[in-house]
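Me: I would like to learn how to read the features of a structure one at a time. Please take me through this one.

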Amino acid sequence: QVQLVESGGGLVQAGGSLRLSCAASGRTGTYYAMGWFRQAPGKEREFVAAISWTGALTIYADSVKGRFTISRDNAKRSSYLQMNSVNLEDTAVYYCGKGKISSPTPRGADYDYWGQGTQVTVSS
């Protein structure tokens, strides 16, 4: 079994920054991508960012490109999402996922384990 635990969420003012972390444990195996998704109230879960196993490839949703940066540390089995210049539309519960494949993908179906989520609230 695999467990993913997100942390780092909280309340932040518009224009500010926040760094989310996701730590994996259990039988994760190797060569898996990691991704971040988010779900705002009344909306469906949407893709935010993903990173390949080696970290060489990253993809981003257009809405966060240039503001968010995804990274990972395989020795710690962790992924990070640096969020800069946040705005009110970034308010959501953020989830990390473990990919079934090594390449980054925006499709939720390509992830087999998810964390419980961490709340990010942006205030004006």
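Reply: What follows goes from the whole chain to single residues. This is a predicted model, in which local features need pLDDT of at least 70 and side-chain atom pairs count only at pLDDT 80 or more, while totals for chains, interfaces and linings use all residues. Residues are numbered from 1 along each chain as its sequence is written, and side-chain values use heavy atoms, with hydrogens and water left out.

Me: How many helices and strands does the protein chain have?

Reply: Helices (H or I, at least four residues) and strands (E, at least two) are DSSP runs, numbered from the N terminus. The protein chain has zero helices and eleven strands. Its pattern along the sequence is β-β-β-β-β-β-β-β-β-β-β.

Me: What does the radius of gyration of the protein chain say?

Reply: The radius is taken over C-alpha atoms, and the globule rule is 2.2 Å times the number of residues to the power 0.38. For 124 residues a compact globule would have a radius of gyration near 14 Å, and the 13 Å of the protein chain agrees with that. The C-alpha trace spans about 40 × 25 × 25 Å along its principal axes.

Me: What share of the residues counts as buried?

Reply: Buried means under 20% relative accessible area, exposed over 50%, and partly exposed in between (1.4 Å probe, protein chains only). Of the 124 residues of the protein chain, 45% are buried. For the accessible surface, the Shrake-Rupley method is used with a 1.4 Å probe, and for residues only the protein chains shown count as cover. That surface comes to about 6200 Å² for the protein chain, and 49% of it belongs to carbon and sulfur atoms.

Me: What share of the contacts joins residues at least 24 apart?

Reply: A contact means heavy atoms within 4.5 Å. Among contacts in the protein chain between residues at least 6 apart in sequence, the share that joins residues at least 24 apart is 58%.

Me: How is a pair of aromatic rings described?

Reply: Such a pair is described by the distance of the centres and the angle of the planes. Rings of Phe, Tyr and Trp (its six-membered ring) pair if their centres lie within 6.5 Å; planes under 30 degrees apart count as stacked, over 60 as edge-to-face and the rest as tilted. By this rule there are six aromatic pairs. In one of them, F37 and Y111 are edge-to-face, at 5.3 Å centre to centre and with 80° between the planes. This pair links distant parts of the chain, since F37 is in strand β4 (residues 34–39) and Y111 is in strand β10 (residues 111–114), 74 residues apart.

Me: Are F37 and Y111 buried or exposed?

Reply: F37 counts as buried because its relative accessibility is 3%. Y111 is buried too, with a relative accessible area of 4%. Y111 also pairs with W114: the ring centres are 5.6 Å apart and the planes are at 45°, so this pair is tilted. W114 is partly exposed, at a relative accessible area of 29%. Ring pairs link F37, F47, Y111 and W114 into a cluster.

Me: What does A50 touch?

Reply: A50 lies in strand β5 (residues 46–51) and is buried, with a relative accessible area of 0%. Residues up to four places away in sequence are not counted; beyond them, A50 touches M34, G35, L57, T58, I59, I70, P104, T105 and Y111.

Me: Which residues is L81 in contact with?

Reply: L81 is placed in strand β8 and counts as buried at 0% relative accessibility. Leaving aside neighbours within four places in sequence, its contacts include L18, L20, W36, V48, F68 and Y94. L81 and C22 are 59 residues apart in sequence, but 8.6 Å apart in space, C-alpha to C-alpha.

Me: Where is K98 found?

Reply: K98 is in strand β9, and its relative accessible area of 8% makes K98 buried.
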